[in-house]
Amino acid sequence: MSKYIQNFLKFKPLLSELVARDIKIKYRRSVLGVLWTLLNPLFMMIILSVVFSNLFKFDIENFPLYVLSGQVVFNFFNDATTSSMSSIIGSASLIKKVYVPKYLFVLSRVFSSFINLMASFTALILVMIATRVELRWTVVLSVFPLFLLVVFSLGVGLLLAALTVKFRDIMHLYSVFTTGLMYLTPVIYPMSMLPQKIKTIVLLNPLTNMLEMFRDTMFNAKCFSAGSLAIGMVEAVIMLAIGLFVFYKNQDEFILNI
Amino acid sequence: MEKDVIISVEHVSIKFNLSSEKFDSFKEYIIKSLKKQVSYDEFWALKDVSFEVKKGDSLGLIGLNGSGKSTMLKTIAGVLKPTKGEVTVHGNIAPLIELGAGFDMDLTARENVFLNGALLGYNRSQMEKQYEDIVEFSELRDFMDVPVKNFSSGMVSRLAFAIATIGIPDILIVDEVLSVGDFRFQEKCEARIQNMRDNGTTILFVSHSLQQVEKICNKIVWLEKGNVRMFGDTMEVCSKYKEI
């Protein structure tokens, strides 16, 4: 175990360099630069709130914010897992030449997405202030669902990265899958409008639980129940364990397939 | 004087599966594995290779194309895992395998210095200390803020060589990279490698130029189709090698 920790510490600078690279390249040659990480979600939110407060109306308080929070959570999951998926294949030239712990590439993608998540979270807070929604102390508790979300996404990312090396089909299939998944997560609709049958399926989706916890702390001034926290933790840990296991079993063969 | 063994390669064999049928899709894979049609052509790139390198030695690997030299180096660098046998390395390795592999073409030379340094396991403050030396050696002072994609191949290899040879690593792996750059820079690189050797770095050197190998190495492993044909002192092996 200590061997793994030592190895991680040796390559920790690489992790930060990789994350910095992702961010730098994304905003290179743009005038506003890194400010876009904040502006982009903010503009998206303005459009969404205009659309959802005028066009579609559900019987729910502050519906635009409801949709926005759903977007923040789901976009992070989508972004983190999709970019992790191609992380190993994209770093083929490096992996073939130099020894680097390979999970670092996945980890760096999840971290870059996490930075974007922080930006969109800030944008969400700004929108809340602008629309005069009261910010309550429970907002602080939103770190718990977000943390679970990051762990869960890391697990999915590791799994996808390892499998995609062998089966490239997953790359094409996954975007279809996430589109479907988005509708199985209460991002743009309230849970109350679902028929019982579909509701059961939606509740089985681990993202639903995390998103509901997030919304409770953000708008409902409620602390999530210990039960949902426990379920979320179990789901996140199991996903991470599966991801690590599959990744670890396959990582020595990456070089033969990339 | 008895020197410590720094790299020991024990009965290493490496097998590659050349899949006779390419399957890239999940469906094909499942159907083929159900029908038990997945067949591979086995190819042994290395067969039961054993040798030891002592601290401070410089070992040359020679052999014709496809004899397994690069596979051997990759195994020692930890990129490939041996199918059988074991490689034990004591100390840190600076790989110089194909210069520029770790570069991100969109980043500037300065940013690439830090990225590449991190790949070799150096942190930012360590790299800042070495930065001046890298700029000096690569002679690219005016171009440090230019994206690497605008560099000529000579410039890329100069920068890569300068980064890879910072500090005094325990083991330096050099694979066919001295053929880059102009004549003057090649001499400079050779001088730097000699200098590292004098400071106690163990060097693993692969080249088709027997001249360079003779100049730099004191031990040689001669590989032929994955087998060790000969292992011994430079003079001895080189004279035999020239006979074929």
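Predicted model: local features only at pLDDT ≥ 70, side-chain atom pairs only at ≥ 80, totals over all residues.
Local features here need pLDDT of at least 70 and side-chain atom pairs count only at pLDDT 80 or more, while totals for chains, interfaces and linings use all residues. Residues are numbered from 1 along each chain as its sequence is written, chains are lettered from A in the order in which they are written, and side-chain values use heavy atoms, leaving out hydrogens and water.

**Where the chains meet**
- Chain A and chain B bury about 2,500 Å² between them, with 63% of it on carbon and sulfur atoms; buried area is the accessible area (1.4 Å probe) that two parts lose on being put together, summed over both.

**A helix in chain A**
- Helix H7 of chain A covers residues 103–130; helices are DSSP runs (H or I, at least four residues), numbered from the N terminus.
- Just after H7(A), Arg132(A) takes a positive phi of about 55°.

**Helix packing in chain B**
- H4 (residues 124–138) and H5 (residues 153–164) of chain B pack at about 140°, axes 9 Å apart; axes are lines fitted to C-alpha atoms over the stretch in contact, and angles run from 0 to 180 degrees between N-to-C directions.
- That makes H4(B) oblique to H5(B), the label for angles that aren't under 35 degrees (roughly parallel), over 145 (roughly antiparallel) or 65 to 115 (roughly perpendicular).
- On the H4(B) side, the contact is made by Ile134(B), Phe137(B) and Ser138(B); H5(B) brings Arg158(B), Leu159(B), Phe161(B), Ala162(B) and Ile163(B).
- The axes of H3(B) (residues 109–119) and H4(B) come within 10 Å and cross at roughly 125°, so this pair is oblique too.
- Here Arg110(B), Val113(B), Phe114(B) and Gly117(B) of H3(B) meet Arg124(B), Met127(B), Glu128(B), Tyr131(B) and Ile134(B) of H4(B).

Methods
Helix = DSSP H or I, 4+ residues; strand = E, 2+ residues; numbered from the N terminus. Expected span 1.5 Å × (residues − 1). Contact = heavy atoms within 4.5 Å.
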